[in-house]
Amino acid sequence: MAQYFEAKARQPDALVFFRMGDFYELFFDDAIKAAAALGISQTFRGNHNGQPIPMAGVPVHAAEAYLAKLIRTGFKVAVCEQMEDPVEAKKRGSKAIVRRDVVRIITPGTLTEDSLLDSRGANRLAAVALRSGQAAVSSVELSTGAVESLLLAPSGLAAALAALSPSEILVPDRLFADEHIAAALKLAGGLVQPMAQALAEPSASETRVKRLYGVETLDGFGGLAPAEVSALGLIAAHLEVTQAGRMPALSPPRRAGEADVMAIDPATRASLEIEKTTGGQRDGSLLGAIDRTITAPGSRLLAERLARPLLDPARIEARLDGVQWFLERRRLREQVREALKRTGDMARALSRLALGRGGPRDLGCLRDGLKTGEALAALALGDGEPLSGPPAEIEAALTAISPSLSVGLSTLLANLEAGLGPDLPAQARDGGFVAEGVRPELDQARALRDDSRRVIAALETRLAAESGVPVKIRHNAVLGYFVEATAGKADPLMQPPLNATFIHRQTLANQVRFTTVELADLDARIAQAGERAQAIEVQTFEAWRDEASALAEPLRAAAQGLALLDVASSLAEWGEDAGACRPVVNDSLCFDARAARHPVVEAAVKRAGDPFTPNDCCLDGAGEQGARLSIVTGPNMAGKSTFLRQNALLAVLAQAGSYVPAEALTLGVVDRLFSRVGAGDDLARGRSTFMAEMVETAAILTQATPRSFVILDEIGRGTATWDGLAIAWACAEALHDTNRARALFATHYHELATLEERLAHVSNLSLRAKEWNGDLVFLHECGPGPADRSYGVQVAKLAGVPPAVVVRAREVLERLEADSHSPARLEGLPLFEMAAPIPQTFGPSPAEEALKSLDIDGMSPREALEALYRLKGMI
């Protein structure tokens with residue numbers, strides 16, 4: 001218990017998994033919490049301060065399943081292992097306690113085991129820091145060693161975190177006072193881990209990052225900003241604690257800025273269901289619809305590309321070149337995809353090996369990946385088209401996966417191919433994974449160990465013949481090997497001359513046990529042979545593991561190369577199946593889609609045996625080739641939301657480097673994507689449906705730029721009719737005149753159709769429907785011009801509203817439409833005259849602006865006092 005108290009004192013906020021033989025035991029409050037979370041029995045054992053000690057436990061062999069459940073529930077777990085064998089402990093005295101220590105702290109962002117991870121999803125640990133008005137988000141995926149650093153404005157935190165979708169976020173405790181940062185953290189969805197502000201101080205952070213990478217200076221990482229160093233320092237501090245000093249093999253930080261990827265805020269990401277549906281499932285999302293990847297790393301890379309579409313047309317074209325290359329070579333594509341089925345997750349295997357958690361199967365994964373890479377490179381480079389070789393991105397991937405181009409990788413592959421046997425255990429201590437002939441001394445030890453049964457059987461036969469007594473040679477953990485005879489026939493063995501050979505060991509009720517000098521010698525040699533064989537295998541494994549760890553960078557590059565080939569070939573496969581086209585992406589402000597389709601909805605209706613109706617959409621921020629803003633009208637269920645979403649998803653797919661489901665698409669790069677589609681409240685934050693809608697609309701109107709793409713669905717519907725119409729009208733004007741973004745604006749306020757005549761670059765589109773024999777038929781066709789009516793009563797009838805209610809609704813509608821006083825015309829209302837710009841009559845005072853710009857953490861006491869005097873002077 002003294003050992004337990006010491007471990008718990010070091011990790012007071014974690015559940016301590018305390019190793020005792022074949023179980024991990026939990027005590028006191030930990031036992032009560034774990035029993036409730038896991039549904040296991042909670043008992044009592046012993047007393048502490050006169051009170052029984054609560055206790056619960058899980059078997060070691062099943063621990064990972066219980067750990068996964070605890071981590072998903074939000075717990076942090078400290079694993080306290082036995083650091084020596086009980087035999088070793090007894091050498092210090094018969095009552096010596098086995099030495100134990102915390103070897104690891106498991107949190108959501110530090111998982112590496114396959115059984116605890118989603119193989120097709122990334123598991124990132126992120127950190128947020130703020131310095132001198134700049135924010136930084138750094139992330140590490142411990143299971144693969146990938147590290148990223150993003151420098152951005154504080155207002156971009158929500159979008160950046162949403163793109164990363166981290167499992168755990170480290171935040172200096174002082175930042176929780178900033179309501180905007182707190183809101184961004186809440187929207188990110190991962191477990192938020194407060195950290196002491198001192199851990200984010202630049203000098204201490206720099207020291208920890210240097211220690212993490214084993215370097216003397218950070219200059220080689222490209223001049224990291226203070227905020228980036230602070231964020232990376234938080235990650236380094238967290239890893240030092242959770243990995244108990246064992247540092248992973250990490251890649252250098254891959255740096256990015258806000259200008260590198262499309263900004264997609266959390267509300268838009270959820271609305272468009274890019275990586276998962278609103279219910280949290282992969283199926284039904286854009287990713288689920290287009291994912292044809294063979295490998296788990298390929299699936300993760302595809303998800304990353306969809307989460308963070310590029311802004312550089314040249315980089316987008318490079319990705320599209322790779323997809324086109326595979327699309328034009330179906331046979332090669334099929335061969336590549338078949339070969340990829342033989343690869344495992346090299347990056348995660350390498351990370352486990354570097355952290356000391358890997359085993360022979362992870363070495364086998366590296367062997368299989370390198371072997372497949374060699375075959376794929378030969379296959380692709382020998383394609384027989386020397387004048388039209390692979391595009392740059394594919395060629396770089398093929399180079400990375402070719403062990404023959406790296407002396408280190410070719411040597412490692414040769415060693416693993418020759419040295420690993422066919423059956424690989426999970427742990428090195430289980431043995432049997434080194435091939436015969438690799439280590440002669442291992443073969444000798446194995447021969448003695450494995451031949452022991454035959455040698456023992458021969459000795460048993462000889463002793464029985466020489467003594468004339470039917471004896472058996474048996475084994476147990478206490479006596480080792482011994483000779484056993486029944487009590488009735490053992491007397492001759494204890495009389496001369498046989499007692500000189502048979503040495504009495506133990507008498508039981510029905511048996512008597514003996515040993516012989518020869519058997520004792522054989523027992524020792526067999527035990528030593530088994531131990532020696534195990535030691536040689538572990539030593540061999542460690543040598544191979546160290547060799548692989550020393551080649552971490554080329555191995556990680558090879559793993560990335562295989563994933564890239566998987567993504568390019570899978571997108572080509574999907575593009576061919578879906579009849580997709582290669583988009584033209586440039587620096588214009590144009591969006592011109594011909595016969596475009598929604599990839600998710602089309603897949604769903606095809607499974608049902610129905611066709612999908614494609615539609616065109618042409619927008620131009622400059623107003624030259626098309627309207628800047630299109631007002632979309634039509635009845636419910638006609639497909640307005642599908643039309644809006646499909647065009648937004650085309651931009652995501654194109655800038656991610658994928659073909660798009662359309663006959664043609666010309667896209668001027670979209671810097672920010674906004675979607676205000678669907679209704680939903682936020683009761684936890686005290687927001688009604690209408691309030692949540694207005695908050696999202698405000699974010700769009702304050703952040704959208706002329707290069708942005710905006711889709712808005714039924715703005716203003718959650719309040720009174722005239723209030724809602726006024727808000728929708730004003731928002732449409734602001735998008736057109738102020739933001740100047742390309743926008744689709746779906747509405748049931750048909751009065752907005754008059755904007756086409758009032759604003760220079762507005763057009764009307766409508767989704768068609770026809771009445772036939774009293775029923776409504778949806779055509780799902782989008783054409784120019786406004787809808788003539790909403791058909792709300794007909795949709796209510798289709799939804800199963802009772803006939804009496806439908807009849808009554810029709811009567812009321814006819815009466816309202818016939819009423820000449822019905823407020824249905826806007827021409828005479830001054831409210832909807834084109835409004836002159838209203839001068840700003842309120843806003844932050846100069847003192848407030850000055851206060852916001854202060855970097856309090858970076859000020860000396862004297863600078864703080866001077867700033868206070870300046871502020872007082874401004875007041």
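1. Serine 138 first. This residue lies in strand E8, which covers residues 134-141. One thing to keep in mind while looking at it: this is a predicted model.

2. Is serine 138 buried or exposed? Its relative accessible area is 0%, so serine 138 counts as buried, the cut-off being under 20%. As for what surrounds it, leaving aside residues up to four places away in sequence, serine 138 touches Leu125, Ala126, Ala127, Glu148, Ser149, Glu228, Ala231, Leu232 and Ile235.

3. On to a helix pair. Two packed helices are described by the angle between their axes and the distance between the axes. For helix H14 (residues 346-354) and helix H15 (residues 360-381), the angle is about 145° and the axes are 9 Å apart. H14 and H15 cross in a left-handed sense.

4. Which residues make up that contact? From H14 come Met346, Ala349, Leu350, Arg352 and Leu353, and they meet Asp362, Leu363, Cys365, Leu366, Gly369 and Leu370 of H15. By type, the contact of H14 with H15 has eight nonpolar residues, one polar and two charged.

5. Now confidence. The protein chain has a mean pLDDT of 88, with 95% of its residues at 70 or more. Two stretches deserve a mention here. Residues 681-686 stay under 50, and the model gives them eight contacts beyond four places in sequence. Residues 822-836 also have pLDDT below 50, with 21 contacts beyond near neighbours in sequence. Where pLDDT is low, the predicted coordinates should not be read in detail.

Methods:
Residues are numbered from 1 along each chain as its sequence is written. This is a predicted model: local features need pLDDT of at least 70, side-chain atom pairs count only at pLDDT 80 or more; totals for chains, interfaces and linings use all residues. Side-chain values use heavy atoms; hydrogens and water are left out. Helices (H or I, at least four residues) and strands (E, at least two) are DSSP runs, numbered from the N terminus. Buried means under 20% relative accessible area, exposed over 50%, partly exposed in between (1.4 Å probe, protein chains only). Contact means heavy atoms within 4.5 Å. Axes are lines fitted to C-alpha atoms, for helices over the stretch in contact, and angles run from 0 to 180 degrees between N-to-C directions. A crossing is left-handed if the near helix is turned anticlockwise from the far one by less than a right angle, and right-handed if clockwise. Ala, Val, Leu, Ile, Met, Phe, Trp, Tyr, Cys and Pro count as nonpolar, Asp, Glu, Lys and Arg as charged, and the others, Gly among them, as polar. pLDDT is the predictor's confidence in each residue, from 0 to 100.
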